[in-house]
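I opened a new notebook page for this chain.

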Amino acid sequence: MDISDASTACDQVLDTVKGAVIADDEFFERIMLGVLARGHVLLEDVPGTGKTLTARSIAQALGLSFSRVQFTPDLLPSDVTGTNIFNEQDRSFEFSEGPIFANIVLADEINRAPPKTQAALLEAMEEGQVTVDGETHQLPKPFFVIATQNPVEQEGTFPLPEAQVDRFSVKTAIGYPELDGEVELLRRRAGRDTRSPTVETVLTQDQVLAMRATPERVRVHDDLLQYMAEITQATRNDRRVAVGVSPRGTQRMFETARARAVYAGREFVTPDDVKRVSHPVLAHRLVLTPDAKVSDVDKADVVDDVLNSVDVPTVEFEAR
């Protein structure tokens, strides 16, 4: 699949998903950037805005298997990864796969599970595998986690550790729909017999794998590599930031910028691509100082200030 075909495939997927989910184009774009960049997406929003419907619709449109895990305080790691079960017929243990063995996994309200269960996702998200009783099991390809958390109700929750937050390439929110969008939501509900809408499958598993490989062919000018490194370096030097963007975050920014170029149907990354992915890729990786938290400093404002402080390179590419 070439870059033009991958861009067209993204449009086809989002066109069908938009028939089920009411949200703005930027939200859908960020979800697709997570898919293209071979990363994972964290959705933080209030209940009832369509997070679960979005994940299920994306899986259906991509033609991939889907699994939902409802995270609760009593959820065990084995409830996610699977466990070895004794087979009485042949007197041996057999591995029973957990719900994580799907192409797209919805980790619903991930901050409600205890840290030990949250940690069970780390190896899966980074390595595409799980280890149970010393035995490693490969997860299906592609593997993509969409995790959700509720920013309002914090009672009985376990905040995600920074090591796990850093595993998410993109963090975004669906938000409340505009008045016209909510009216359209009701109109669509009136036009069907079921509560939840369905979407058509537009791609196959092999096509998704081919689409996710296309960003590797996108060209990135050396000046843009310098630009991205200067941005993440600047986050570490901001007086409001206790812990800036990690080198892993810099790589995710690079990967997501290339994905953005594919999404736009280009063979090269522009400075605008870097700016466009900065907020969803960098903001959630920042750890603010206690003083900044008391002053209600917004991480998005920190990213804005960093982008304004770094000189934007002038890069020109010739089409091949």
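Which residue stands opposite Ala 107 of strand 5? I looked it up: the residue is Val 69. I note that the model is a predicted one.

**Entry: the neighbours of strand 5.** I checked the pairing of strand 2, residues 66-70, with strand 5. I found five bridges, and the two strands run parallel. Next I took strand 8, residues 144-149. Strand 8 also pairs with strand 5 in the parallel sense, over four bridges. There, I found Phe 144 as the bridge partner of Ile 104.

**Entry: burial of strand 5.** I went through residues 104-108. Five of the five are buried, so strand 5 is largely enclosed by the rest of the structure. I then sorted the side chains by direction. Ile 104, Leu 106 and Asp 108 point one way, while Val 105 and Ala 107 point the other way. Asp 108 is buried along with the others.

**Entry: the whole chain.** I counted 13 helices and 11 strands. The radius of gyration is 20 Å, close to the 20 Å from the globule rule for 320 residues, so the chain is as compact as a globular protein of that length. I noted that 50% of the 320 residues count as buried. Among contacts with a separation of 6 or more, 78% come from residues 24 or more positions apart.

**Entry: surface and charge.** The chain exposes about 15700 Å², and carbon and sulfur atoms supply 46% of that. I listed 34 positive and 52 negative side chains. The centres of the two sets lie 0 Å apart.

Technical notes. Residues numbered from 1 in each chain as written. Predicted model: local features only at pLDDT ≥ 70, side-chain atom pairs only at ≥ 80, totals over all residues. Heavy atoms only, no water. Rg over C-alpha atoms; globule rule 2.2 N^0.38 Å. Buried < 20%, exposed > 50% of the residue type's maximum accessible area, 1.4 Å probe, protein only. Contact = heavy atoms within 4.5 Å. Areas by Shrake-Rupley, 256 points an atom, 1.4 Å probe, with all protein chains shown as cover. Lys, Arg positive; Asp, Glu negative; His and termini not counted. Charge placed at Lys NZ, Arg CZ, Asp CG, Glu CD. Pairing = 2+ DSSP bridges.
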